[in-house]
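Have a look at the picture first, and then we'll go through it.

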Amino acid sequence: MKKAAILLTALALTGCQTEDIQDILNGETTVFTVAGAEFDGTGVMTAGYYSLEHIVTNTDTTLPEDMPQVGKEALTAAGVEVTSGKICGSLDTSGDVCFTEGDNTSCLPDDISMLGLEMYKISLTDVEAAAEAGFYPKIAADIGGAYIDLGSSIETVNCADLI
């Protein structure tokens, strides 16, 4: 019980949202993958939101290899039980956003102003398997040496708003 109190205190101090703490108390957490990106029009892409599939197949935009880019089927294939339906989110990327601390090749191009996210709730015991399947934990996590905290920057949005 003492470890749980310390964990919750640490999460509260690092800026975890109330929903994230409630999920942890229920033995769950949220993982995400990138579904698309909004370009500001300052680069080669015309301003607007594009699906990840469109960006990868129709443009020369270089995306970080570390960026989570898989679908829900990757969770299923990894044996991860999803405890919620698809939740959509957005991540403001107007500052530097990198998916591996200290690795400039893991950073997003400057002309991406927002990422559209596909998120799922899973059991806390499945976080490592989800990460190995290509998903990223919403809360700050330390898996395989990569550490990044995007959780407090992610907003839940209506999935139709990302189209």
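## A cysteine to start with

Is Cys98 buried or partly exposed? Cys98 counts as partly exposed, because its relative accessibility is 23%. For these labels, buried means under 20% relative accessible area, exposed means over 50%, and partly exposed is what falls in between (1.4 Å probe, protein chains only).

## Ground rules

This is a predicted model, so local features need pLDDT of at least 70 and side-chain atom pairs count only at pLDDT 80 or more, while totals for chains, interfaces and linings use all residues. Residues are numbered from 1 along each chain as its sequence is written, and side-chain values use heavy atoms, with hydrogens and water left out.

## The overall layout

The protein chain has five helices and eight strands. Helices (H or I, at least four residues) and strands (E, at least two) are DSSP runs, numbered from the N terminus. Reading from that end, the order is α-α-β-β-α-α-β-β-α-β-β-β-β.

Of the 163 residues in the protein chain, 42% are buried. The chain exposes about 8800 Å², and carbon and sulfur atoms supply 50% of that area (Shrake-Rupley method, 1.4 Å probe; for residues, only the protein chains shown count as cover). Now for contacts, meaning heavy atoms within 4.5 Å. Among those between residues at least 6 apart in sequence, 70% join residues at least 24 apart.

## Two disulfides

Searching the whole structure turns up two disulfides, a disulfide being a pair of cysteine sulfur atoms within 2.5 Å. One joins Cys88 to Cys159, with 2.0 Å from S to S. Cys88 sits in strand E3 (residues 87-92) and Cys159 in the segment after strand E8 (154-157), so this pair ties together parts that are 71 residues apart in sequence. The link is right-handed, with 100 degrees about the S-S bond. Cys88 is buried at 6% relative accessible area, whereas Cys159 is partly exposed at 28%.

The other disulfide joins Cys98 to Cys107, at 1.8 Å from S to S. Its link is right-handed too, with 85 degrees about the S-S bond. Number the bonded cysteines in sequence order and the pairing reads 1-4, 2-3.

## A buried aspartate

Which helix holds Asp23? That's helix H2, residues 18-25. Asp23 counts as buried because its relative accessibility is 5%. Leaving aside residues up to four places away in sequence, Asp23 touches Glu28, Thr30 and Lys121.
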